[in-house]
Amino acid sequence: MTSLDKPTTEETSADTSADDARAVTEAALFEAFGGVRGMVETVLPGLLFVSIYTVNKNLHMSALAALGVALVMVVVRLVRRDTVKHAFSGVFGVGFGVVFAMMTGNAKDFYLPGMLYTLGLALAYIVTAMAGVPLIGLMLGPVFKENLSWRTRNPGRKKAYTKASWAWGLILLAKCAILFPLYWWADTTQLGWVLVALKIPPFLLAVYLTWVFLAKAPPPIDVFAEMEAEERAEEERKAAAAEEGEEAPAGRHRRQS
C-alpha cells in the first residue's frame, strides 16, 4: 500500500466520529422507544385479548386477561427497578380500552381508544412539523442532552427532526386509514388480528427513518456539558478574583512598610 492509499489520521478520526454519532443515535432511539422489551409490552395485551376473544367470544374474560398481563409487566419492571414509562403507558391504554368496551358492551371498542390516540399522535407529528417545532425533536432533545438547542443553534438537526416528524405522522395516518374502516366494517377478531399485525412494522419503519435522518444530521449540542463548563469557568473567575483581592491588601501593606 502506497502513502496515497493509506487512510490519513483525519479520515480515520472522521470515520470514528461518524461511527460514534451513529452509535449514540441508535442508543438514544433504543432508550426513547423502549427497545425490544417495549415492543413486546405494547403487543402482548392486545394479542392476548384477540386470542381469547377469538376462542370463546367472552368480552369480560378477554379484557381482564389483557389488563392483568399489562399490570404484571409493570410489577416485573418495578421489582427489577427498570424504567416503567412504557409499561405504564401500556396499562393506561389497555385500561381505557377495557373501560370503554365494558361500558358499550362492544368488544371492538377495546381497540377504539388506542386507535384515536394513534390518530391524534399522527396529527400532532404533522402539525408540529408544519409549525417548525417538530414533536420528535421535543421528545428526543432531552435524550440527546440538547434540549431545544436544535431549534435556533443547530438547523441541520431541526431539519432532520422535521423530516422524522413528517415520517411518523404519515406512517401513523396510513395505519389509521387501514384500521378505521375495519372498525366499521369488520368483526372484532378481524380488526384485532389486523391491529396486532400493524403494531410493530409501522413502528420499526418510523424508527428506522428517524435513525437515517438523524445519522446524517450534525451532532447534537450538549447543553448540559455547556452549562457545567460555564459553572466551572464562573467558579474559576470567582477564585481568581478572590486571590487578586487578597494580594492587593498585601501589596499595599508592603509599600507602606
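Arg-157 touches Phe-144, Glu-146, Trp-150, Leu-214, Ala-217, Pro-218, Pro-219 and Pro-220, leaving aside residues up to four places away in sequence; contact means heavy atoms within 4.5 Å. This is a predicted model, where local features need pLDDT of at least 70, side-chain atom pairs count only at pLDDT 80 or more, and totals for chains, interfaces and linings use all residues. Residues are numbered from 1 along each chain as its sequence is written, and side-chain values use heavy atoms, with hydrogens and water left out.

**Arg-157**
- Arg-157 sits in helix 8 (residues 155-185); helices are DSSP runs of H or I, at least four residues, numbered from the N terminus.
- Arg-157 counts as buried because its relative accessibility is 2% (buried is under 20% relative accessible area, exposed over 50%, partly exposed in between; 1.4 Å probe, protein chains only).
- Its side chain has a polar atom 2.9 Å from the backbone oxygen of Pro-218.

**Leu-173**
- Leu-173 also belongs to helix 8.
- With a relative accessible area of 28%, Leu-173 is partly exposed.
- Leu-173 touches Leu-119, Ala-122, Leu-123 and Ile-126, again not counting residues up to four places away in sequence.
- From Leu-173 to Ile-126 the C-alpha distance is 9.7 Å, across 47 residues of sequence.

**Helix 5**
- The 19 residues of helix 5 (residues 112-130) should span 27 Å at 1.5 Å a residue, and the end C-alpha atoms are 27 Å apart, which agrees; the expected span is 1.5 Å times one less than the number of residues.
- Buried residues of helix 5 include Ala-122, Tyr-125 and Ile-126.

Key
Helix = DSSP H or I, 4+ residues; strand = E, 2+ residues; numbered from the N terminus. Polar contact = N/O pair within 3.5 Å; in protein donor to acceptor, adjacent residues only side chain to side chain.
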